[in-house]
Each structure stands twice: as structure tokens, then as C-alpha cells.
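The sequence and structure come before the details.

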Amino acid sequence: MPVPQLTIYRHDQRHRALITLAGEIGLESAPLLRATLAQCLSDGIRIIDVDLTPVTFCDCSGLNAFLYAAQRTTDAGGILRLHNPPPSLGRILEVTGCGFLLLGLPLWHLSPSLGNVADTAAPALPHRSAPRVPVFSGDAR
């Protein structure tokens with residue numbers, strides 16, 4: 001059985017980064033993802049947008065890596081947002097109810113009791129001015 005592959009592209013623009021993931025995020029590849037997101041914070045990045053369009057699968061190991069990184073980013077005064085999650089991650093976010101932490105959903109989507117709170121939109125993805133070059137790629141063994 002082949003080992004899942006995850007390729008990570010990173011494009012920085014000042015204190016903002018666009019991370020594009022391609023492949024599968026699971027138990028084997030989640031540590032690679034976690035290390036990449038931690039490196040962004042170490043490099044002074046405070047706004048992290050993660051494009052998941054090319055991701056074919058993400059399980060709870062990936063969700064755990066995203067939640068951990070989101071908490072660390074928030075603690076550092078920044079923000080981490082996921083964009084275009086695959087259906088597998090979308091289902092996990094729906095079941096766990098933690099999508100609002102990662103997807104930038106308006107607060108009024110959370111519960112009827114919060115309906116009067118102002119809308120907070122997710123930040124726009126940064127413009128890609130350079131070709132994507134893999135930062136990390138491998139079979140995550």
C-alpha cells in the first residue's frame with residue numbers, strides 16, 4: 001500500500017503567508033503540516049491562509065494540526081484561516097462544530113443567541129506573484 005503524499009507550497013508577503021497543500025493529510029503527514037505552520041510563526045508570519053483546494057483527503061489528524069496551529073497563531077496575535085476544505089474535512093468540521101475557528105464564518109452562523117454580533121469575514125487570499133515552489137514534499141515517513 002502506497003504511503004500518502006503531501007506537498008506543501010509556501011508564498012510569503014511581509015507578515016502574511018499563503019500555504020497551499022496538495023495531496024492527503026493524515027496521521028503520517030500531519031507532523032509535516034504542523035512543522036510547516038510552526039515555521040511560519042517562527043519566521044514572523046502572523047496571517048496564515050491555507051488553501052486546501054488540491055487536498056484530496058484530510059482526517060482528524062489534520063484537523064488537530066490545524067487547531068493546534070490556529071491556537072498558537074492566535075496566541076502570537078495572528079490569524080490562521082482555511083480555504084476550500086475537501087469534503088472529508090468539511091464533514092469533520094461540521095460534526096465537531098469547530099469550523100468557525102478555522103473557516104472565518106460569520107459569528108451569526110454560530111447560534112441564534114449570537115445573531116446581533118457584527119459579521120467577521122475571512123481575510124482575502126494574498127496575491128500570488130511568483131510561481132509555487134514546494135517547501136516540503138514527501139511520503140512523511
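## The largest pocket

H2 supplies the largest share of the lining of the largest pocket, four residues. Helices (H or I, at least four residues) and strands (E, at least two) are DSSP runs numbered from the N terminus. H2, strand E5 (79–83) and helix H4 (99–102) each give at least two residues to this lining. The lining residues are Leu67, Ala70, Gln71, Thr74, Gly78, Ile79, Leu80, Arg81, Phe100 and Leu101. By class, six of them are nonpolar, three polar and one charged. Here Ala, Val, Leu, Ile, Met, Phe, Trp, Tyr, Cys and Pro count as nonpolar, Asp, Glu, Lys and Arg as charged, and the others, Gly among them, as polar.

The volume of the largest pocket is about 170 Å³. A pocket is an open set of points on a 1 Å grid over the protein atoms alone, where a 1.4 Å probe fits, with protein on both sides within 12 Å along at least five of seven lines; lining residues have an atom within 4 Å of a point. The volume is the space filled by probe spheres set on the points, which are joined across faces, edges and corners.

## Basis of the model

The model is predicted: local features need pLDDT of at least 70, side-chain atom pairs count only at pLDDT 80 or more, and totals for chains, interfaces and linings use all residues. Residues are numbered from 1 along each chain as its sequence is written, and side-chain values use heavy atoms, with hydrogens and water left out.

## H1 against H2

Helix H1 (residues 30–42) packs on helix H2 (residues 60–75) at an angle of about 15°, and their axes are 9 Å apart. H1 is therefore roughly parallel to H2 (angles under 35 degrees count as such, and 65 to 115 as roughly perpendicular). Axes are lines fitted to C-alpha atoms, for helices over the stretch in contact, and angles run from 0 to 180 degrees between N-to-C directions.

The contact (heavy atoms within 4.5 Å) includes Leu33, Leu37 and Leu41 in H1, and Ala65, Phe66 and Ala69 in H2. By class, this contact has nine nonpolar, four polar and two charged residues.

## H2 against H3

The axes of H2 and helix H3 (residues 87–96) come within 10 Å and cross at roughly 65°, so H2 and H3 are roughly perpendicular to each other. Cys60, Leu63 and Phe66 in H2 meet Leu89, Ile92, Leu93 and Thr96 in H3. This contact has six nonpolar, one polar and no charged residues.

Technical notes:
Angles under 35 degrees count as roughly parallel, over 145 as roughly antiparallel, 65 to 115 as roughly perpendicular and the rest as oblique.
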